[in-house]
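Subject: Structure for your review

Hello,

The structure I mentioned is pasted below, and my notes on it follow.

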Amino acid sequence: MSPPTLATAIDLTDMDMFAVREPYEVYDELRARSPIWRHPETATHDEPFWLVTSHDLITKAHRMGPVLSHQTGPGRNGTGGIILPDVEMGPGIMMVMTDPPDHTRYRKLVSRGFTPRMVRKLEHWLRARSHLIIDALDGRTEGDFVVDLASELPLMVIAEIVGVPQEDRHKLFEWTNSAIGRFDPEFQDHDDPHSPLNGPMDAFNMTIYAQQLTEEKRRCPGDDLMTKLTQAEVTMADGTVTELSDLEISVFFTLLVIAGNETTRNAITHGLLAFQEFPDQWELLRRHPELMPSAIDEILRYGSPVRYFRRTAAEDLELGGAHIAAGEKVALWYLAANRDPEVFADPHRFDITRTPNPHVAFGAGGAHHCLGANLAKLELEIFFEALINRLPEIEVIGPPERLRDLLVHGIKHLPVRYGPVANAEAA
């Protein structure tokens, strides 16, 4: 397969590019000419990798299971970046960085908290909190949508589920920003942007907090995931039964907090941007609120909050006519798959009536399908319901500030004019 001319001039490991725009035209040409393409090494990544951009091939890759592994081999972390430095194997590879059967064992520890039945029990609570968030605008006419609105409901929800006091939720916001923004100047030490304390120090603070919370849950158990983790037992492959260590619980805490608030926050923000780009769809949703479920799927397709995940070939294999050698990296580019014209008619149009909508914003099936998908969709439904009823004239008044990162399709700030706030009872 010959690489597209345009692709040879593009470096998809360039964080500075993603801090400015999303290069959908590059994805389109790659997908059309070479849907699986061997991206050359770059100035920042000294190893080539396979880039998969078509919906069909990403779906096939998800069905291949551990042959395309989430963990690579001794000392390698398989998911968090295209190329990552060596790390110690251990509890840090739980959940997103393990393959079945270990992944399945760890996933079962928290999966009951995210079943459709458990999620629906939160519906009234979510609706009440959405109105409280809007009430807190307290007459302001302008602000930062990300900080004022989009971040708040996911923070409240994950704090409630995990067992963090609500008054501590903004600590989670700060730590999450530091974790996902470790390559972004805004979240770095401005005196020394290359300091090893950028990111790791906040990760350390988060670990200390998790350990203190673990001790508290052992003294005073509650109906939350942290309590369940302190009481959990895991049956290992050799049949032995073990409890989670404090470090393993801390790693679970970090994963749940980051995944539980950052992705939903960005989906909400990308949703508002999409409605501003296609105002006819905002008016359509206001007139037909019954379209909310399909609107949420379209938000997730159009502005997928996770750009890609990386796998590693556990053995020699073939995908889409490409021969991938054992040990080679494979990046599954979800944003490209979600604009695939073979699957989505007029893919660059935001259409809340689109159905079916087999987007891969939560992955493309298999063991690693997003655990919190049901919760995220409910949060989005309830929050946009509150927006269209109580802030129908909300308006974006400036360009979004994008996160400088490869993995996360993030928006840091979005200036908005709120307009009049409708009374909650009237809404």
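In strand β2, F49 and L51 point one way and W50 and V52 the other, and all of them are buried (under 20% relative accessible area with a 1.4 Å probe and protein chains only; exposed is over 50%, partly exposed in between). In a regular strand the side chains alternate between the two faces of the sheet. Strands here are DSSP runs of E with at least two residues, helices are runs of H or I with at least four, and both are numbered from the N terminus.

Before going further: this is a predicted model, in which local features need pLDDT of at least 70 and side-chain atom pairs count only at pLDDT 80 or more, while totals for chains, interfaces and linings use all residues. Residues are numbered from 1 along each chain as its sequence is written, and side-chain values use heavy atoms, with hydrogens and water left out.

The sheet

β2 belongs to an open sheet of five strands with mixed pairing, in the order β1-β2-β10-β7-β3. Two strands count as paired if DSSP finds at least two bridges between them. β1 and β2 run antiparallel and are joined by four bridges; I36 stands opposite V52 of β2. β2 (residues 49-52) and β10 (residues 329-333) run parallel, with three bridges between them, and L51 has A331 of β10 as its bridge partner.

Helix α4 (residues 55-62) lies across β1, β2, β3, β7 (308-313) and β10, at about 125 degrees to β10. Axes are lines fitted to C-alpha atoms, for helices over the stretch in contact, and angles run from 0 to 180 degrees between N-to-C directions. Contact means heavy atoms within 4.5 Å.

Helices

The axes of α14 (residues 279-287) and α17 are 10 Å apart and cross at about 95 degrees. The two helices are therefore roughly perpendicular to each other (65 to 115 degrees; under 35 is roughly parallel, over 145 roughly antiparallel, the rest oblique). W282, L285 and R286 of α14 meet F384, L387 and I388 of α17. By class, that contact of α14 with α17 has five nonpolar, no polar and one charged residues. Nonpolar covers Ala, Val, Leu, Ile, Met, Phe, Trp, Tyr, Cys and Pro; charged covers Asp, Glu, Lys and Arg; the others, Gly among them, are polar.

The 13 residues of α7 should span 18 Å at 1.5 Å a residue, and its end C-alpha atoms are 19 Å apart, which agrees. The expected span is 1.5 Å times one less than the number of residues. Buried residues in α7 are W125, L126, S130, H131, I133 and I134. Their cover includes α8 (145-150), α9 (152-162) and α17.

Backbone points to check

- D138, in the loop between α7 (123-135) and β4 (142-144), has phi near 50 degrees, a positive value in a residue other than glycine. D138 is exposed, at 67% relative accessible area.
- D346, in the loop between α16 and α17, also has a positive phi, near 45 degrees. Its relative accessibility is 52%, which counts as exposed.
- The peptide bond from T355 to P356 is cis, with omega near 0 degrees. P356 lies in the loop between α16 (334-337) and α17 (373-390).

Regards
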